Amino acid sequence: MTTRTIIHVDMDAFYASIEQRDNPSLAGKPVIVGGVGGQRGVVSAASYEARRYGVHSAMPLKKARALCPEGVFLPVDMEKYEAVSRQLRSILCSYTPLVEPLSLDEAFLDVTASIALFGDAEKIGREIKDRVRNELNLTASVGIAPNKFLAKIASDYRKPDGFVVIQPGGEADFLRDLPVYKVYGVGKVMARRLGDHGIETVGRLAEMSREHLRRLFGKQGEHLYELSRGIDDNPVIAEAEAKSISQETTFDVDIDNNDELRRTFARLSDRVGARLREEGLVSKTVGIKVRLADFTTMHRERTLLDPVSSDDQILSVAWNLFRAVPLGGQKVRLLGVVASSLEHPSGQLHLFSEQGEKNCKAMRTIDNIRRKFGDTAIERASGLRPTGENRDRPYDKGLSPFSPTHEKEAEGETAKGRRRKAKGNKRDETAKTKPRS
Ligand SMILES: [Mg+2]
């Protein structure tokens, strides 16, 4: 296997840092982001000031309050963080198309092939940190290494604002004194079991034979054997393969008027289409989500022979899918449109007809105007609303237990999920109905 160069970028205390950035009076204060309205739930992010009190993410908010009574507790503002995440992604994607987001604030980049163009990996890593600081007014920690496992360990090594490079050949030195729990896949239980065998550092782990580790821990033992030597062949899976773009809206009042439902689909399709074009992607699978008045929620999707990115094409598929949904005489509470199986249209561009190209340009112009003057500046005829506008209620999304994140703004869908989806595609119209349980 040829030597690869992987960069792991991890934003520092992402949500909390954004809140501090946007409200200077919070600078230097313990900021804790989490829960709905700050009342329930767990900590989503804690500023470094809050971490000094022992507060960390996934901790119940109640406990965080007890540990840090003077903390500033803020609700999760997912729309805002997603917007910053998109800005981050566009910085990362300017260095390589091989960007694999792990979450809103973390991604792997395979820059092996980018080095000829941008200079060595250290230069790219420094530039990413500078751009994050200058363009986003935030800090990122960067790790550079020959594989994902080491790059992630490296970015974590000197947080916050870290910059750590592990050179090929330097793996063993770097890992020797690292505690075993830093190894991916080693949880508390495994760390304790390793401790029982006198293994507390990765260096000690690396002294064990493959046989011995297999006997102790089975298949996972083999994995540990490789990782302890800094071996990890997992490829960086590009973002385009690993995500979907979706928009949904909850009506103020449940709806059964077909014209209004179609106009809503048109608006959602426009937005999904705009996001696709903004990111230079096309979609091979278009899906819809329909929630009825009694909260029964249904998903339908169709995989297309030719990938699409135009508003009209998305609308047409979405509307056809919707017409086959059994409403059982009920009104509709929520509609959503999802584009998945995303890909870069490279190589197919020459297939676009002249008319297609003109349409494409026109749509990009509309996208630009909307970006400048707001969503409602231009609407196509099918999206025009007569009276009684259905306001989007984004705050509904986060509250509903029936809309897992991947349905709203699915970034970083897992490979497993994709396979499941691919399987589902074959069933197409017979996709299952998810009743409220
Ligand atoms: Mg982070």
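This is a predicted model: local features need pLDDT of at least 70, side-chain atom pairs count only at pLDDT 80 or more; totals for chains, interfaces and linings use all residues.
1. Two residues are in contact here if their C-beta atoms, placed from the backbone, lie within 7 Å.

2. Strand β7 (residues 140–145) runs parallel to β8, and 3 bridges join them.

3. How do α4 and α6 pack? Their angle is about 145°, and their axes are 10 Å apart. The crossing is right-handed. From α4 come Val84, Gln87, Leu88, Ile91 and Leu92. They meet Ile128, Arg131, Val132, Glu135 and Leu136 of α6. By type, the contact holds 7 nonpolar, 1 polar and 2 charged residues. An α-helix has 3.6 residues a turn, so residues three or four places apart point the same way. That spacing is worth checking against the α4 list, which includes Val84, Leu88 and Ile91.

4. There is also an open sheet of 3 strands, in the order β3-β2-β4, with mixed pairing. β3 (43–46) and β4 (72–74) stand at the edges with a single partner strand each, so one side of each has no neighbour in the sheet. Neighbouring strands here are turned by 25° against each other on average, direction ignored. Strand β2 (residues 31–34) runs antiparallel to β3, joined by 3 bridges. Gly34 stands opposite Val43 in β3. Helix α1 (residues 14–22) packs on this sheet and touches β2, β3 and β4. The direction of α1 makes about 120° with that of β2.

5. Is strand β10 (residues 282–292) mostly covered or open? Mostly covered: 10 of its 11 residues are buried. Strand β12 (residues 332–343) runs antiparallel to β10, with 10 bridges between them. There, Ser283 has Leu342 in β12 as its bridge partner. Strand β11 (residues 297–308) pairs with β10 too, in the antiparallel sense, over 8 bridges. In that pairing Val290 stands opposite Met298 in β11.

6. The turn between β10 and β11 deserves a look. The two strands form a hairpin with 4 residues between them. Phe295 in this turn has a positive phi of about 80°.

7. Last, helix α12 (residues 219–228). Which of its residues are buried? They are Leu224, Tyr225, Leu227 and Ser228. Their cover includes the helices α7 (148–157), α8 (171–175), α10 (202–207) and α11 (210–217). Just after α12 comes Gly230, with a positive phi of about 75°.

Key. Residues are numbered from 1 along each chain as its sequence is written. Two strands pair if DSSP finds at least two bridges between them. Axes are lines fitted to C-alpha atoms, for helices over the stretch in contact, and angles run from 0 to 180 degrees between N-to-C directions. A crossing is left-handed if the near helix is turned anticlockwise from the far one by less than a right angle, and right-handed if clockwise. Ala, Val, Leu, Ile, Met, Phe, Trp, Tyr, Cys and Pro count as nonpolar, Asp, Glu, Lys and Arg as charged, and the others, Gly among them, as polar. A residue is buried if 20 or more other C-beta atoms lie within 10 Å of its own, exposed if 12 or fewer, and partly exposed in between; C-beta atoms are placed from the backbone.
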